[in-house]
Amino acid sequence: MALNPLDHARLQEALVLAEGSIGLSDPNPRVGCVIGRADGSVLGRGFTQQAGGPHAEIVALREARSSGADVQGATAWVTLEPCAHHGRTPPCCDALIEARVGRVVVAVGDPFPQVSGQGMARLRAAGIEVDLADGEVAHAARELNIGFFSRMERGRAWVRMKIAASLDGRTALPNGVSQWITGDAARADGHAWRRRAGAVLTGIGTVLADDPRLDVRLLPTSIQPARAIVDSRLRTPLQARVLAPPGAALIYTSSDDSPQAQALRARGAQVLPRPGNQGQVDLHAVLADLAERAVNEIHVEAGPALNGALLLAGQVDELLLYMAPRLLGAGRPIAALPSWDRLIDSLDYCFVESVAVGTDLRLRLRPRRATG
């Protein structure tokens, strides 16, 4: 059955609800649900809570019941296919069946192997009409959970590299001064993107130069992302602010056989040897480890060395670039990249978004070869 205007409106409303799960539901996907009738009345709304808590459909059903509404024969509009397995909570498709809803409209299927179409199949087997959206609504639902889809389909997180730079591509002056190239609005916006991440990844150069916290503090959040540091020689200071709770501190190194490793562990950090070539850390192993820790999105805030290594390794899925309306002249580049002789060898990107944020410009770009 083709979706009608009310279906599209309710799915858009559910997508807005799902944004309430950002910074709350990880590693579970961000899901919103609206339950109502064809006459336009709404009986219940909800979004997925913390891991182990109720999913969006359950929250919406509870709201309907608390108001005395009867959901029998009603429609549930949900941004992700209802789950069909017993995880930390019972299957949502069973709850919808027990509630005797008449129809379920799904924005996008769930890529989790234990669901992956089974939720919709069980609903249909119970006599419930199920319709699956496509086009812009499906795309928006996938984008909201792009890290979850990445981890399910590719076995690794979605890697987003955040950079604040001048118009001439400088991230700091030659003496290292970079605070602040961009304005207050851009910094607050950057924290909103941090809040999406399961881990913020940086390099030891940034830790030593800036002593950053790399937490989310400019807007509310229920959970803090882990801070992951690439530190081949374990030079992270014991008093580095990045080690402070809340949230885990993960230090990836070439070898953990040293007194410094023990001292960092005593500070609460997890020291994780992932040796690569020539005494460097194996970045592929780092990303694999973070995926095993159920990290859906990685937010990179690093210096030229780590940025360049990740870009050249083809491990960056998206650039989040804040361009300030100033020219710095000589200074530190966005990334340490080779000197190419041919344009065809350079890294090529597509613009996904261009938005003014305060006095700055936020650009999102994705690799052209990956996006087609």
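Tutor: Gladly, and let us begin with Cys33: its sulfur lies 8.7 Å from the closest cysteine sulfur, in Cys92, too far for a bond. This is a predicted model, where local features need pLDDT of at least 70, side-chain atom pairs count only at pLDDT 80 or more, and totals for chains, interfaces and linings use all residues. Residues are numbered from 1 along each chain as its sequence is written, and side-chain values use heavy atoms, with hydrogens and water left out.

Student: How many disulfides does the structure hold?

Tutor: A disulfide is a covalent bond between the sulfur atoms of two cysteines. Here the term is given to a pair of cysteine sulfur atoms within 2.5 Å, and the structure holds zero. Cys92 is in no disulfide, with the nearest cysteine sulfur, that of Cys83, 3.6 Å away.

Student: Is Cys33 buried or exposed?

Tutor: Buried means under 20% relative accessible area, exposed over 50%, and partly exposed in between (1.4 Å probe, protein chains only). Cys33 has 0%, so it counts as buried. Cys92 is buried too, at 1%.

Student: Which residues touch the most other members in the largest nonpolar core?

Tutor: A nonpolar core is a set of buried Ala, Val, Leu, Ile, Met, Phe, Trp, Tyr and Cys residues joined through side-chain atoms within 4.5 Å. In the largest one, of 45 residues, they are Ile35, Val71 and Val104. A second, separate core has 33 residues, including Val159 and Tyr349.
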